[in-house]
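Reader: I'd like to go through the aromatic contacts in this one. Can you show me the model and walk me through the labels?

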Amino acid sequence: MKGNVKNIIEFYRNADTRELTARADAVCREVHGDNVYMRGLIEFSNFCAMDCLYCGIRDGNKKVKRYRLTEDQILKTIRESAKKGLKTFVLQSGEDPSFTADRICGVVERIREEIGEEIALTLSCGIMTKKEYRALKSAGVNRYLIRFETSDPELHQKLRGGVTLKRRLEAIRDLRDEGFETGSGYMVGLPGETEEIRINNALLCHELGLDMVGIGPFIPNPDTPLGHACKHGLELTLRAVALVRLLLPEANIPATTAAGSIDEKGREAVLNAGANVLMPNITPVEYKKDYLLYPGKICLDEDGLHCIGCLNGRVGTVGKKIIMGRGDAISFTRRSGHG
Ligand code: SAH
Ligand code: SF4
């Protein structure tokens, strides 16, 4: 471990949460100013062939009412939000066999034809082959989010229906090789997780040199095999975000919806602990309630564009301001030679 990384871990181990988050907040404001970037999240399909033990839309959960947005619905959602000024869209789904890479490429090409290059497009659709990622990149996808979920190989394999951490990390490296702005991250408070695993999660983000890091609390879902697992408070998430901010000052780090779902002021607290991104959910309202990864998800009845207004107020309370630009990651801009 390099000296500065070692020092940060040492500080993390010894500092109380107030001290830790204050330092992370200072680093964040130094590098990113008071800016908070907005990403419009569209949950376009809740079909999933996977059976991750933690997830509410896992294949084994037969209570889920499955849906897929049509290409037209996706386009309409983006068109309307782009008119309101959103410049980044995240298309997320389960690992849906009928939404093949080819089909997603078709949607992306239509978006590019209509809206052009001023918006950034991010996908979050799980593991695909390197060839599929390449096709998506040439169709016009800029960024990809795929959390490694936990850095512990045994725990990972157990929670993800036998899929190995090695395979997940290979996907992350493939994405980086194909030129995507690359995001990963993890849940905090998974059953079986230890403090050493939490530190290794943050170190893995650093080692992967991530451009974006999503960290949220694991929230037990009663319709999954982990329904009775222990539910943790916000503190573990605050500590995790702060540590990652210290290790990766330039990364874009969202204050996740999951953090806002376990604590009414959760996202504000995370924005004060090193985060600089928010992801309003702009999925058409009639589908939001069926994309229930975890219970208690906020804003299910709200139109996404209403969420933007609400977030504006919340961001003000922590002395930050919303920026509607693309917000490309500093590390990515430098890597791709435009910085
Ligand atoms: N299928 C894709 C994207 C959708 S899942 C994938 O798995 O990558 C998006 C994220 O939701 C997952 O990466 C996981 O970290 C999070 N998630 C799933 N179940 C959760 C739960 N019970 N509590 C908190 N976050 C959860
Ligand atoms: Fe599917 Fe993603 Fe949920 Fe796993 S976490 S079951 S891959 S949607």
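This is a predicted model: local features need pLDDT of at least 70, side-chain atom pairs count only at pLDDT 80 or more; totals for chains, interfaces and linings use all residues.

Reader: How many aromatic pairs does a search of the whole structure find?

Author: Six aromatic pairs turn up.

Reader: What makes phenylalanine 44 and phenylalanine 99 a pair, and why is it called edge-to-face?

Author: Their ring centres are 4.7 Å apart, and the cut-off for pairing is within 6.5 Å. The planes meet at 85°, and over 60 degrees counts as edge-to-face, so that's the label the pair gets. Phenylalanine 44 is in strand β2, while phenylalanine 99 is in the loop between β3 and α4, 55 residues apart. Both phenylalanine 44 and phenylalanine 99 are buried.

Reader: And what about tyrosine 133 and tyrosine 144, which geometry do they have?

Author: Edge-to-face, with 5.0 Å centre to centre and 70° between the planes. Tyrosine 133 belongs to helix α5 and tyrosine 144 to strand β5, eleven residues apart. Along with Phe180, Tyr133 and Tyr144 form one aromatic cluster.

Reader: Why does tyrosine 133 count as buried?

Author: Its relative accessibility is 0%, and buried means under 20%, so tyrosine 133 qualifies. Tyrosine 144 has a relative accessible area of 0%, so it is buried too.

Reader: What makes arginine 68 lie over the face of phenylalanine 47?

Author: Arginine 68 is 3.8 Å from the ring centre, where the distance limit is within 6 Å. There's also an angle condition, within 35 degrees of the ring normal. Arginine 239 lies over the face of tyrosine 12, at 4.8 Å from the ring centre.

Terms used
Residues are numbered from 1 along each chain as its sequence is written. Chains are lettered from A and ligands numbered from 1 in the order in which they are written. Side-chain values use heavy atoms; hydrogens and water are left out. Rings of Phe, Tyr and Trp (its six-membered ring) pair if their centres lie within 6.5 Å; planes under 30 degrees apart count as stacked, over 60 as edge-to-face and the rest as tilted. Helices (H or I, at least four residues) and strands (E, at least two) are DSSP runs, numbered from the N terminus. Buried means under 20% relative accessible area, exposed over 50%, partly exposed in between (1.4 Å probe, protein chains only).
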